Amino acid sequence: MSDLALQRPPAEQRYAEELAQLVAKDRESVKPPGWNLSPLAVIDFILGDARQNISPKFVGKRRFIERCVATLATNRGLMLIGPPGSAKSYLSELLAAAISGDSGLTIQGSAGTTEDQIKYTWNYALLLEKGPGPESLVPAPVYQGMQQGKLVRFEEITRCPLEIQDTLLSILSDRVLHIPELEQSASAVYARQGFNLIATANTLDKGVNEMSAALKRRLNFETVHPIASIEEEMELVARETNALLQQAGIPMTLPVDKAEVLVTIFHELRNGKVIGGGALEPLNSVMSTAESVAVAFAACVQGYYYNAGAITAEHLVSALGSTAAKDSSEDLKKIRHYFHHVAGKRKGAAWSEFASAKQALSDH
């Protein structure tokens with residue numbers, strides 16, 4: 001299937017040319033066993049390298065990415081924690097694409113996740129016909145990752161019950177998966193070089209499970225922080241929004257002045273303070289960078305189809321209201337207060353347009 005037919009191609013397809021270029025230049029580099037790229041090339045792929053025409057894909061400190069990459073070269077798994085929308089999953093996808101060339105060995109954690117979805121299950125028709133054997137076994141991501149020597153991604157691991165999380169203990173310790181149903185000669189899968197685990201967990205959502213101390217000891221924890229720089233966040237929001245518009249076949253881009261105001265609004269509401277001084281009442285809604293991209297994309301789509309291809313501040317404010325209304329109606333009052341007391345007092349045509357569009361919030 002063509003990449004153009006996919007709503008969201010995996011990183012190894014989306015950046016296939018860059019990965020191939022890095023692999024070609026990386027042939028003589030020292031690599032951990034089982035890795036497609038050297039640790040230095042993995043950093044170049046994720047953070048970008050203008051000299052090699054490698055685009056930046058993640059906004060973060062180089063030292064933080066170095067720690068993540070170094071962890072995956074050890075016998076400990078990597079645990080990425082942070083608030084919603086801080087690109088934990090995206091970073092894990094980029095790491096898997098660069099190191100293993102495959103980001104698809106993924107487990108999505110939930111209250112309904114079972115051990116079968118992590119390790120292996122059975123084709124019950126073959127099981128009844130032939131009994132337990134390799135041909136009856138259906139490998140799950142951990143089985144495949146160990147067998148093929150690839151990284152496995154476990155998204156939202158703390159959404160799983162504790163007893164499901166702890167099925168990883170022996171795998172991470174002994175690097176072996178036991179299958180007691182099979183004959184002794186085939187009853188163990190030993191991890192090949194290159195296998196490791198990248199897990200993610202949300203630090204803000206309610207109702208998640210704790211992790212056992214035993215599992216924590218087998219993982220190195222790294223916190224993914226929201227983007228601190230407005231300039232870097234604005235660049236990212238514009239880049240990702242424009243990429244989504246191109247993929248949707250919409251021949252327009254997010255205007256720079258509107259991107260700057262939108263990112264500033266998200267930044268201040270997320271941090272609960274106005275740039276230059278002044279406190280804001282914190283929102284219940286998650287005002288993440290991912291949400292700002294979603295708001296910008298939705299507003300551009302609305303402007304393209306319903307306003308002759310022109311996006312206005314009203315479109316952005318309306319989409320912002322949809323985001324804020326998800327968790328609490330009180331958040332809409334706080335945002336109206338922000339537009340009246342902060343946005344309305346700022347100078348500039350773009351800020352005036354946004355302040356005048358606050359009426360769009362009344363639709364929610």
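Guide: The largest share of the lining of the second largest pocket, three residues, is contributed by α12. Helices (H or I, at least four residues) and strands (E, at least two) are DSSP runs, numbered from the N terminus. This is a predicted model, in which local features need pLDDT of at least 70 and side-chain atom pairs count only at pLDDT 80 or more, while totals for chains, interfaces and linings use all residues. Residues are numbered from 1 along each chain as its sequence is written, and side-chain values use heavy atoms, with hydrogens and water left out.

Visitor: What volume does the second largest pocket have?

Guide: On a 1 Å grid over the protein atoms alone, a pocket is an open set of points where a 1.4 Å probe fits, with protein on both sides within 12 Å along at least five of seven lines; lining residues have an atom within 4 Å of a point. Grid points are joined across faces, edges and corners, and a volume is the space filled by probe spheres set on the points. Here the second largest pocket has a volume of about 410 Å³. Its lining has 17 residues, of which V59, G60, K61, H225 and E232 are the closest to the centre. Two elements, α4 (62-72) and α12 (230-247), each give two or more residues to that lining.

Visitor: Which residues touch the most other members of the largest nonpolar core?

Guide: A nonpolar core is a set of buried Ala, Val, Leu, Ile, Met, Phe, Trp, Tyr and Cys residues joined through side-chain atoms within 4.5 Å. Buried means under 20% relative accessible area, exposed over 50%, and partly exposed in between (1.4 Å probe, protein chains only). In the largest core, of 41 residues, I265, L269, I335, Y338, F339 and F354 touch the most other members. The largest share of this core, seven residues, comes from α13. Beyond four places in sequence, the residues that F339 touches (contact means heavy atoms within 4.5 Å) include I265, V317, L320 and F354.

Visitor: Is E222 buried or exposed?

Guide: E222 counts as buried because its relative accessibility is 10%. It lies in strand β9 (residues 219-223). Setting aside neighbours within four places in sequence, E222 is in contact with F64, R67, C68, L78, M79, L80 and I81.

Visitor: How many disulfides does a search of the whole structure find?

Guide: A disulfide is a covalent bond between the sulfur atoms of two cysteines. The criterion is a pair of cysteine sulfur atoms within 2.5 Å. The search finds zero disulfides. C160 is buried, at 0% relative accessibility.
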